[in-house]
Amino acid sequence: MPSILHVNSSPRYAHSGSLQLARHFLDTVQGAGSGSFELETLNLFDDGALPAFGRTAAAAKMAVFSGQSQTPEQITAWESARAVFDQFAAADAYVFNIPMWNAGVPYALKQWIDIITQPGWSFGFDPETGYRGLMEGKQAIAIHTSGVYAPGVPAAFGSDFSSTFFADWLEFVGIQDATHVRFAPTVLNGDVEATRQSAEAELTSAAGPFAGKLAALGDLQLVSG
Ligand SMILES: Cc1cc2nc3c(=O)[nH]c(=O)nc-3n(C[C@H](O)[C@H](O)[C@H](O)COP(=O)(O)O)c2cc1C
């Protein structure tokens, strides 16, 4: 059965505008009724959601890069990272909700990216041709929120290194079928409800094709399985 991994990178839960939109999108995909799918949610800010990726894990990564063997401690750290990657790789489709934090992505999302973006796992490297994403044939939707920043605001109202970084990362790992929807600004806004409704409408339109591709994948899996 096709599967969706929903990665929630807001810790604001009941108060989160991006999470509310992600749930709307998932409900609409489900309501499209074009086949069933499995849904897993990863709340990145939950306690214990992610292993640390610090001194030992970074050394484990560099051992892989330089073809050296890992110490027992490094093997343990590498296996913890691998478990996070395996959950990512097992999904056919992704829903990300991403509030802007200080012009970038929230640190828990960056931590998740740093854990799973490993050579031979999500990307390959060739000294002649460069990097190549290995997560092909998957689709993603990313919902971006920001309180003050919105496209076209004067420079004094902030910059966006969040959606740009995230779009680049998706491409880097080979997820080319990606749709980005923005709900902004959520704070400095005279009619925030209208802005939210417009993002919701965009997500409603995106849900049909997203569900259709999942259903087609389900048919394919039935034939090949
Ligand atoms: C730690 C933190 C940093 C933030 N930094 C920015 C920022 O740089 N630019 C901006 O426009 N909004 C910023 N915001 C506001 C959030 O992006 C905004 O409230 C967003 O709608 C929150 O989404 P959520 O409700 O899904 O958590 C920040 C909020 C927090 C908590």
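This is a short tour of one predicted model, stop by stop. Residues are numbered from 1 along each chain as its sequence is written. Because the model is predicted, local features need pLDDT of at least 70 and side-chain atom pairs count only at pLDDT 80 or more, while totals for chains, interfaces and linings use all residues.

**Stop 1: the core.** Select Phe-25, Tyr-94, Val-95, Phe-96, Ala-140, Ile-141 and Ile-143, which have the most contacts inside the largest nonpolar core, a set of 51 residues. (Such a core joins buried Ala, Val, Leu, Ile, Met, Phe, Trp, Tyr and Cys residues through C-beta atoms within 7 Å; buried means 20 or more other C-beta atoms within 10 Å of a residue's own, exposed 12 or fewer, partly exposed in between, with C-beta atoms placed from the backbone.) Helix 6 (residues 192-224) supplies the largest share of this core, seven residues. Helices are DSSP runs (H or I, at least four residues), numbered from the N terminus.

**Stop 2: helix 1 against helix 6.** Now show helix 1 (residues 17-31): it packs on helix 6 at an angle of about 35°, with the axes 8 Å apart. (Axes are lines fitted to C-alpha atoms over the stretch in contact, and angles run from 0 to 180 degrees between N-to-C directions.) The residues in contact (C-beta atoms within 7 Å) include Leu-21 and Phe-25 of helix 1 and Leu-203 and Phe-210 of helix 6.

**Stop 3: helix 2.** Move to residues 55-65, where Ala-57, Ala-60 and Lys-61 are buried. Helix 3 (72-90) is among what covers them. On the face turned away, pick out the exposed Arg-55, Met-62 and Phe-65. Finish at Gly-67, which follows helix 2 and has a positive phi, near 70°.

How values were computed: Helices (H or I, at least four residues) and strands (E, at least two) are DSSP runs, numbered from the N terminus. Two residues are in contact if their C-beta atoms, placed from the backbone, lie within 7 Å.
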